[in-house]
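Hi everyone, thanks for coming. Have the picture open while I talk, and stop me if a word is new to you.

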Amino acid sequence: MSTARAVPPEATAALQADVTGDVFVPGDPGYDQARQAWMLTADQRPAIVVEAASAADVTAAVRFGHSHGLRIAPQGSGHGAAPLEPLDSALLLRTSRLRGVRIDPDTRTARAEAGALWQDVAVPAADHGLAALAGTAKDVGVTGYTLGGGLSWLARRYGLAANSVTAAEMITADGQLVRTDPEHEPDLFWALRGGGGGVGVVTALEMQLYPVPELYAGVLFFPIQRAAEVLSFWREWTTTVPDELTSIGRILRIPPLPTVPEQLRGRAFVMVEAAYAGDEKTGADLIAPLRNLAPEIDTFATIPAPALSQLHMDPPEPVPAVGDGALLADFPAAAADALAGQVGADADTALISVEVRHLGGALHRPETDGGTLPSVDASYALYGTGVAATPEAVTTAGGQAHALKDALAPWHASYGFYNLADTPASVDAPAARDLPAPPADQNQPRPEQCDHLRASCLSSG
Ligand SMILES: Cc1cc2nc3c(=O)[nH]c(=O)nc-3n(C[C@H](O)[C@H](O)[C@H](O)COP(=O)(O)OP(=O)(O)OC[C@H]3O[C@@H](n4cnc5c(N)ncnc54)[C@H](O)[C@@H]3O)c2cc1C
């Protein structure tokens with residue numbers, strides 16, 4: 001554990017006088033609560049924490065950090081806190097109080113302040129029959145998820161969430177509030193979308209919404225002993241489905257908690273989760289081949305778009321977890337066998353959830369006006385995670401997550417993805433190793449070429 005750098009008390013007091021939010025340094029009552037991320041394994045010990053209550057607070061915090069030589073580490077929910085360390089010379093800029101959301105049904109857009117969670121957008125959007133490209137969990141932050149790319153249940157139909165951003169308001173490293181969109185600061189606009197956010201602190205995002213009021217969605221549960229069979233059948237089936245259907249093949253070990261329904265408690269399953277943005281009859285026809293495998297439990301039904309947040313059964317509260325993931329070029333039967341060997345019925349594993357998401361569809365087609373990730377040239381995404389409440393458990397589950405990733409190395413795509421990364425990724429090594437060049441006529445920099453943005457590469461230290 002590193003020791004946080006001391007910030008002079010008079011400087012801290014001046015900053016507190018300057019902001020309407022709160023400022024904490026080590027030793028202050030409230031410091032421990034303010035530094036706590038959703039991801040409980042992250043023991044963040046920054047030099048100073050600012051809980052911003054307005055965009056003006058964000059500006060003041062960025063200017064303060066700049067003048068005191070502190071790295072600025074923006075954070076909303078803290079779901080993605082694992083790769084953020086070390087923070088001992090950092091100002092942790094919490095945006096979690098900034099949760100204002102405005103829906104414009106006429107333009108089918110949403111404006112979400114930097115600390116908004118997906119439930120803050122998905123629920124009011126649904127009042128207008130609209131859906132956002134939200135993550136599987138309702139409490140994941142809109143900003144971090146979107147800047148990292150954003151794989152939603154509608155990803156194969158509408159692409160990455162990052163490429164549905166229509167404008168961003170942000171504070172650059174020199175403390176200027178700028179609005180970026182295709183016409184204004186297009187270089188920043190390009191770098192933000194999919195680049196992970198290292199070029200400034202976002203105070204609000206505007207994004208496209210889509211006319212998807214309902215979906216045919218659910219989960220098929222099979223005994224874990226059928227892991228390799230079900231996963232390889234699922235993979236073949238994914239090659240037959242339209243872009244309106246996004247699915248996940250998964251192995252889940254459900255903890256024996258009293259809050260879990262008895263039918264599921266303490267059991268292990270191989271599962272297929274799927275969401276079809278269309279009518280029930282077509283959805284049922286599409287799911288039929290999987291149903292013919294005789295699942296033990298079948299939850300498919302027509303659901304309102306915000307209920308998608310329950311499909312993946314993400315933890316409802318903060319958890320201590322470790323994980324690892326990779327994009328996969330393919331997931332053939334040999335890969336399903338390799339996965340089952342690591343986490344199937346006979347495996348002694350601490351990984352409670354291992355999932356393979358089907359990509360392709362709109363994710364494959366380059367967005368001409370997209371950001372740093374105009375397309376995802378991989379067909380599946382792997383992610384495995386385990387609950388790890390002690391340092392020993394972190395070592396065990398973390399090691400097993402890495403081993404799982406290594407076991408599927410023959411099928412890895414040639415680049416990674418921020419939202420699957422639980423280890424630090426610099427702005428010089430963003431999601432795609434082979435970054436597509438930005439449109440030449442806009443003179444936009446690639447992150448690894450962005451020397452003139454260096455000053456605003458906030459997370460590069
Ligand atoms: C339970 C769970 C479910 C998930 N489901 C999905 C999913 O379905 N699809 C998917 O794609 N990903 C998913 N993820 C991954 C998730 O998208 C990333 O962890 C993401 O970074 C979380 O964003 P956040 O804002 O909630 O987290 P934070 O930890 O608050 O932010 C993550 C990072 O985003 C950047 N950032 C945050 N706010 C700002 C800001 N205002 N300005 C500039 N940069 C900022 C910072 O680099 C920060 O470290 C999931 C993660 C978890 C734990």
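**Starting from one glycine**

Okay, let's begin with G21, which touches Q16, E51, A53, D57 and R97, leaving out residues up to four places away in sequence; a contact here means heavy atoms within 4.5 Å. Before I go on, a word on the source: this is a predicted model, where local features need pLDDT of at least 70, side-chain atom pairs count only at pLDDT 80 or more, and totals for chains, interfaces and linings use all residues. Residues are numbered from 1 along each chain as its sequence is written, and side-chain values use heavy atoms, with hydrogens and water left out.

Back to G21. You'll find G21 in the loop between α1 (9-18) and β1 (22-24). Those names come from DSSP runs, numbered from the N terminus: helices are H or I with at least four residues, strands are E with at least two. Is G21 buried or exposed? G21 is buried, because its relative accessible area is 2%, and buried means under 20%, exposed over 50%, and partly exposed in between, using a 1.4 Å probe and protein chains only. For a sense of distance, pick P124: from G21 to P124 there are 103 residues in sequence and 26 Å in space, C-alpha to C-alpha.

**The whole chain**

Now zoom out. The chain has eleven helices and 17 strands, and its C-alpha atoms fill a box of roughly 70 × 50 × 40 Å along the principal axes. For 461 residues, a compact globule would have a radius of gyration near 23 Å, and the 22 Å of this chain agrees with that. That radius is taken over C-alpha atoms, and the globule rule is 2.2 Å times the number of residues to the power 0.38.

How much of the chain is buried? Buried residues are 56% of the 461. Also, of the contacts with a separation of 6 or more, 71% are between residues 24 or more positions apart.

**A strand with two partners**

Next stop, strand β7, residues 165-171. Six of its seven residues are buried, so β7 is largely enclosed by the rest of the structure. Which strand pairs with β7 over six bridges? That's β9, residues 201-208, and the sense is antiparallel; two strands pair if DSSP finds at least two bridges between them. In that pairing, M170 stands opposite V202.

β7 also runs antiparallel to β8, residues 177-180, with four bridges joining them. There, A168 has T180 as its bridge partner. β7 and β8 make a hairpin with five residues between them, and G175 in the turn has a positive phi of about 80°.

E185 isn't a glycine, yet its phi is positive, about 45°. E185 is in the loop between β8 and α7 (186-192), and it counts as partly exposed because its relative accessibility is 37%. A294, another residue other than glycine, has a positive phi near 60°. You'll see A294 in the loop between α9 (280-291) and β13 (297-298), and with a relative accessible area of 51%, A294 is exposed.

That's my tour. Questions are welcome!
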